[in-house]
Structure formats: structure tokens, C-alpha cells
Amino acid sequence: NTRHPELRDLQVREALDLAIDRSDMIDTVYGGFAVPGGSLLLNQYVPEFMTAPVPTRDRDLEKANQILDGLGFAKRADGIRVADGGKMEYTLLVGTMNRAIDSRLADILKANLAEIGVGLKQKVVDNQVPIIFSTPKPYTDYDMTLIMWGLTPDPEWSTLISTSTMLGMYNLTGYSNPAYDKLWEQQTSEMDAAKRKALIDQMSEILQNDKVILPICYTQLVTAWNEKWQNVPDAGTVFGFYTYLNKTQFNSLAVQ
């Protein structure tokens, strides 16, 4: 929630990002079938629309603690920091639909954040979105949540979610950036493919730099198919094989 008193601070979000042990989450929760996340858009999934490399980052507890120390958020006797007179302890919404996975992720995240003096409590709800937007002031009643981020063949929808237009709807973070909004509008009407790619790359970079959402990992799905099908891509597609194929993948399919 980027409108939270502390979480609106980019430096705080940076510290949280540096504290996440993505390798532990991948090994423990996903059995190794995932890779560390760094961007909301993956160029291997949307190659026709994005060329920027997907960044990854190493865990750095020393730097994370230095950031929070520099902000003057001192640790109390119980190890939790204090920011502006209040404990840096936050509630993480976990939806029942993905509870088996998200609760395990939350347990690891709680341990990660404790190492930088930040507390975390799980709150299980039926569905995070109605809870978040069930009040007239939708960005006041929650701190964090875990979401599953899906990509579409064309990234227009995936990028729309972080625009000001989606505030109070699908924009769960409360993020609003006029420069980002302007780029989104430009790419909707840009007919030159190369120019549109450049706009989308800029949008992706803005979301990465502003730490709007902290990607944990990209899951890898195992798929199976009849051997008469040839040139079928492995489970590197967005939700497994039977969803989206880009044009190159589709044209390479063959049946014996």
C-alpha cells in the first residue's frame, strides 16, 4: 500500500525488497520450480512488446538495515523498529484461494523482515480485493498483500493496472504517477512497433525504480502433451502451455 504512512516512502520499500530471501521461497514453497523475480513485465513472455532485460537483485540485509537506520527508525527492545512514534509492524492480507502457497510465503517473509526490524502479521481473508476496496477510503485499511500477477499476450492490461485510472479498482497499491499515465496513454495509440516497445520499456523501468510491486518469483509450470505434437514450447509460457502462445511459438507447432 504505497499510501501507508511509512510504505509510501520509496526508501522503506527499497529496504523491504532487499530483505526478501527469494531463493529460500523458491526452494521451500515452489520446490525449485521458479526463478527470482525482478520486473512486472518479462521480455521472454512478451518479446514483441518489450526488449528491456529483466533485472534481478541479491539479498542485502546490511544495506536494508542501513537504509532504515538512516531514516531514524530505531529498534526497540523487542527488535521492532519505531517510525514516527509507531511500531513498524504491518498486516499482510492472505487470500484463502491461494492460502496453501501464500501462507508459506508469508511465514518466510515474516522471518526475512524480522532481520531488519520490521514485524509482519498474517490476516486470512476470502478475497483480498473486496476487502481492500470495501470502504469509502480504500487505501487506509490494509498494509500489504500477496497477489498472483499474470501477463497477457499484449501487455496493455498488465500495465494498465498501475495507472491512476485504476485507483479504487484493480490498482491495489494506490500508486499514481502522471508520467507513467502519460506513457500508458501514448502506447495505446502508437502504431509503430519499435516506438511502442520503447514506451513500454520506459513504463517497466518506472515501476521497477518506484518499487510499486515487489516481484518475488516467476513460477515454472510442468506441462505434458501427446508425442504427436512437435515443437511444443516447454512450460515457459505464462500459465502453462494451454493459454497464450506468441506468434513465433504458434507458427512453430506441428502435428505428425
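Predicted model: local features only at pLDDT ≥ 70, side-chain atom pairs only at ≥ 80, totals over all residues.

Q: Which residues in H2 and H4 meet?

A: From H2, Asp24, Met25, Thr28 and Val29 take part; in H4 they meet Ile101, Arg104, Leu105, Ile108, Leu109 and Asn112.

Q: How are the strands of a sheet joined, and what is the order of the strands here?

A: In general, strands of a sheet pair through backbone hydrogen bonds, in a parallel or an antiparallel sense. In this structure, three strands form an open sheet in the order S5-S4-S6, and the pairing is parallel. Strands S5 (119–125) and S6 (144–145) stand at the edges with a single partner strand each, so one side of each has no neighbour in the sheet.

Q: How many bridges join S4 and S5?

A: Strand S4, residues 89–95, pairs with S5 over seven bridges. Within this pairing, Tyr90 stands opposite Leu120 in S5. Helix H4 (residues 99–114) packs on the sheet, where it touches S4 and S5, and its direction makes about 165° with that of S5.

Q: Which residues form a nonpolar patch on the surface?

A: The patch consists of Trp157, Met169 and Tyr170, which together have about 320 Å² of accessible area. Tyr170 lies in the loop between helix H6 (156–160) and helix H7 (178–189).

Definitions and conventions: Residues numbered from 1 in each chain as written. Heavy atoms only, no water. Patch = residues over 30% accessible without salt bridge, like charges linked within 9 Å, V, L, I, M, F, W, Y side chains within 5 Å. Areas by Shrake-Rupley, 256 points an atom, 1.4 Å probe, with all protein chains shown as cover. Salt bridge = Lys/Arg side-chain N within 4 Å of Asp/Glu carboxyl O. Helix = DSSP H or I, 4+ residues; strand = E, 2+ residues; numbered from the N terminus. Pairing = 2+ DSSP bridges. Contact = heavy atoms within 4.5 Å. Axes fitted to C-alpha atoms, helices over the stretch in contact; angles between N-to-C directions.
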